[in-house]
Amino acid sequence: MAIDVIMPKFGLSMEEGTIGEWLVREGDAVKKGDRLASVNSEKLTNDALSPEDGILVKILAAQGETLACGERIAILSQPGEQWTGDAAKPKGEIKSAAPAAASAPAAVPAAGAPQASKITPRARKIAGEKGLSYDHIEGTGINGMITVEDLLRFGKPKAAPAEGKAAAESAVPAASVTPIAAETAPSAQPVYAFAGNDPIVKMSPMQSAISRSMAGSMASAAQTTLTSEVEVSGLVATYRSIKERYAAAGVKLSYTAMIVKAVAHALEDHPDARTMTVDGKTCWTMSRMNIGVAVDVPDGLIVPVIRDANLKSLRAVCDELLDLSERARKNRLVESELGNAAITVTNLGMYGVTFFTPILNLPESTILGVGAIVDKPVARNGGFAIAPMLSLSLTHDHRVNNGAPVARFLQEIVVSLNDFKWI
């Protein structure tokens with residue numbers, strides 16, 4: 001009896017996955033739980049596992065192909081059985097990332113006919129429910145797929161069949177059609193003359209997700225950045241005084257972990273900084289002090305979350321931050337370790353960066369950018385002294401929180417960094 005291997009679903013938000021690499025070949029014997037293929041989603045890379053013992057008799061999805069969760073990607077046969085190929089047809093549609101062969105010209109769809117191979121399953125469902133056409137849209141999703149966001153921004157109401165242009169235009173009342181604002185219309189793409197051996201590589205699923213997320217963040221939130229350069233003599237002195245003690249206990253102390261703790265404690269007193277909007281009409285204040293930390297990974301950026309950071313010791317935050325960062329770089333995070341943060345901390349100080357303008361990780365309404373600690377001359381007691389100075393950049397969503405409350409939040413972070421009553 002043939003056994004289906006399906007595209008796994010790593011989390012509630014995952015709708016489709018892309019085959020990164022097959023780890024076994026057709027004809028190989030596998031055990032239940034063996035790794036069959038690496039699968040890329042927008043946030044994570046994980047493995048498709050064998051559901052049973054058997055022989056991998058047919059691979060249905062090539063490397064680079066994108067399929068909806070639940071679609072068949074391969075077929076196993078049970079040991080000792082002869083597979084006849086009767087079950088080789090996939091249950092649903094398989095969307096290929098590879099271009100059609102040059103020798104086989106693609107069929108031209110009829111005017112207004114939707115192209116099922118270029119739209120995500122969820123977007124296709126919404127298009128049907130809302131009566132939107134999408135064959136004119138250039139998708140921004142994985143492998144050029146049309147996403148829900150693309151559909152809602154650029155989808156057009158379908159014209160009912162009628163005789164003549166006038167009848168078609170009268171099928172939808174003018175008052176029911178919402179015009180697309182000029183600034184939201186797709187802009188003309190520049191034409192480049194690629195020459196020589198310049199590499200041209202398609203974005204990975206993670207890079208595509210980051211591209212959409214950052215562009216969507218800038219387009220939909222009123223982002224303002226407050227910057228401050230503050231003396232952190234207390235932070236540096238505390239770091240130096242406990243670093244060796246922590247190391248002896250097997251704990252890797254970092255300035256990022258200390259800043260996460262300071263931010264978590266400041267959040268307790270400033271609910272404005274953890275208030276966000278998900279629809280532009282209602283506000284929600286998160287009760288938990290969950291802190292996201294931006295981690296640089298080979299394909300881009302990922303933000304694992306330290307839950308309830310205010311309730312954890314500095315040692316616990318150091319250990320958790322190190323563990324999350326290492327597993328993020330090895331693509332070993334799970335869905336529950338991402339999302340639902342009250343604020344994100346992104347530290348570029350190790351690269352010598354001072355001030356920068358971080359972009360909000362929506363729906364969060366605040367993100368703290370941390371720069372380098374630099375020794376600088378400061379005025380003190382009528383003279384000058386050399387002191388460590390830290391650059392902080394706090395971006396906030398002006399739709400949700402105003403400048404003064406956010407400035408007070410930033411002020412308390414600085415006080416907490418130099419106080420350390422929470423160690």
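The model is predicted: local features need pLDDT of at least 70, side-chain atom pairs count only at pLDDT 80 or more, and totals for chains, interfaces and linings use all residues. Residues are numbered from 1 along each chain as its sequence is written, and side-chain values use heavy atoms, with hydrogens and water left out.

Start with helix H4, residues 205–220. Helices (H or I, at least four residues) and strands (E, at least two) are DSSP runs, numbered from the N terminus. Which residues of H4 are buried? Pro205, Met206, Ser208, Ala209, Arg212, Gly216 and Ser217 are. Buried means under 20% relative accessible area, with a 1.4 Å probe and protein chains only.

Now the cores. A nonpolar core is a set of buried Ala, Val, Leu, Ile, Met, Phe, Trp, Tyr and Cys residues joined through side-chain atoms within 4.5 Å. The largest one has 54 residues. Val263, Leu267, Ile291, Ile302, Leu368 and Phe409 touch the most other members. Helix H6, residues 255–268, gives the largest share, nine residues. A second, separate core has 19 residues, including Ile19 and Leu67.

Last, the sheet. Six strands form an open sheet with mixed pairing, in the order E11-E20-E19-E18-E14-E17. Two strands pair if DSSP finds at least two bridges between them. The edge strands, E11 (223–231) and E17 (305–306), each pair on one side only. E11 pairs with E20 (residues 383–397) in the antiparallel sense, over nine bridges.

Technical notes
The expected span of a helix is 1.5 Å times one less than its number of residues. Buried means under 20% relative accessible area, exposed over 50%, partly exposed in between (1.4 Å probe, protein chains only).
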